[in-house]
Amino acid sequence: MLTRLDIEALSLSRGERRLFDGLSFSLSAGEAAALTGANGAGKTSLLRAVAGFIRPDAGTVAFHDAEGEMEAETARRLALHLLGHHEGLKPQRTARQELGFQVEWLGGSGEAMDAAVARLKLAPLLDLETRKLSAGQRRRLSLARLIAAPRALWLLDEPLAPLDEAWRGVAAELMAEHLARGGMILAAVHDPLPVAARSLDLAQTLGGVR
Ligand SMILES: Nc1ncnc2c1ncn2[C@@H]1O[C@H](COP(=O)(O)OP(=O)(O)OP(=O)(O)O)[C@@H](O)[C@H]1O
């Protein structure tokens, strides 16, 4: 199981623009970090770099389990979830088809999928095409993935943004349970995370934070 994420001296650019330089921080089992910063500061880009979708200009992203450093590709394939703004749902497919596909792709079981559907109260939505779901309902469908296919590191991009108060409460419970099991959360947020979390302000972290 993934037990630590180490980011060391990371520099990231998008287009011609350098977003940040020399960013260093670590996250250990049971810890959460709230990534803050102005629009365009690079929060989403950092999450995508950790997930391996953007290559940094310099620096390293390393994943560790109890034995030592893991191969990054393996860690990314098996030990993390990236939940983005865009839920990555095909509009013409039903919620059931999309969730079923994702859970199978991620190696989750049918039982775990049923548990996730129950926890996120998705049963009445499963036969709707995803284009007919509201933003909050789509986010609940994405949150179901987190439960149906357990992974140690959750990379969450504004996870609460489209949720109403009641569903924010459920998301908070899911996060707290994940941390209590030794999971880790790195979340880009504009509002505070609803769990105890270290704050990592991208506007103020040039040069490194630990
Ligand atoms: N594919 C891309 N090509 C070029 N520039 C990009 C690309 N994707 C993002 N950017 C730029 O990178 C910068 C950082 O974007 P990013 O989405 O990481 O910011 P953010 O901190 O998550 O912002 P927000 O709070 O608005 O979600 C922005 O200026 C954005 O325009």
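The model is predicted: local features need pLDDT of at least 70, side-chain atom pairs count only at pLDDT 80 or more, and totals for chains, interfaces and linings use all residues. Residue numbers start from 1 along each chain, as its sequence is written.

**Overall build**

The protein has six helices and nine strands, where helices (H or I, at least four residues) and strands (E, at least two) are DSSP runs numbered from the N terminus. Its radius of gyration is 17 Å, close to the 17 Å that the globule rule gives for 210 residues, so the protein is as compact as a globular protein of that length. That radius is taken over C-alpha atoms, and the rule is 2.2 Å times the number of residues to the power 0.38. The C-alpha trace spans about 50 × 40 × 30 Å along its principal axes.

Of the 210 residues, 37% count as buried (20 or more other C-beta atoms within 10 Å of the residue's own; 12 or fewer is exposed, in between is partly exposed, with C-beta atoms placed from the backbone). Among contacts with a separation of 6 or more, 75% join residues 24 or more positions apart; a contact here is two C-beta atoms, placed from the backbone, within 7 Å.

**Helix pairs**

Axes are lines fitted to C-alpha atoms, for helices over the stretch in contact, and angles run from 0 to 180 degrees between N-to-C directions.

| Pair | Angle | Axis distance |
|---|---|---|
| H3 (95-105) and H5 (135-148) | about 30° | 10 Å |
| H5 and H6 (165-180) | about 15° | 12 Å |

H3 and H5 are therefore roughly parallel (angles under 35 degrees; over 145 is roughly antiparallel, 65 to 115 roughly perpendicular, the rest oblique). The contact uses Ala95, Glu98, Leu99, Gln102 and Val103 of H3, plus Leu141, Ala144, Arg145 and Ala148 of H5.

H5 and H6 are roughly parallel to each other as well. On this side, H5 brings Gly136, Arg140, Leu143, Leu146 and Ile147, while H6 brings Trp167, Ala171 and Leu174.

**A loop residue**

Ala41 sits in the loop between strand E3 (32-36) and helix H1 (43-50). With 18 other C-beta atoms within 10 Å, Ala41 is partly exposed. Leaving out residues up to four places away in sequence, Ala41 touches Leu202 and Ala203. Ala41 and Ala203 are 162 residues apart along the chain, yet their C-alpha atoms are separated by 6.8 Å.
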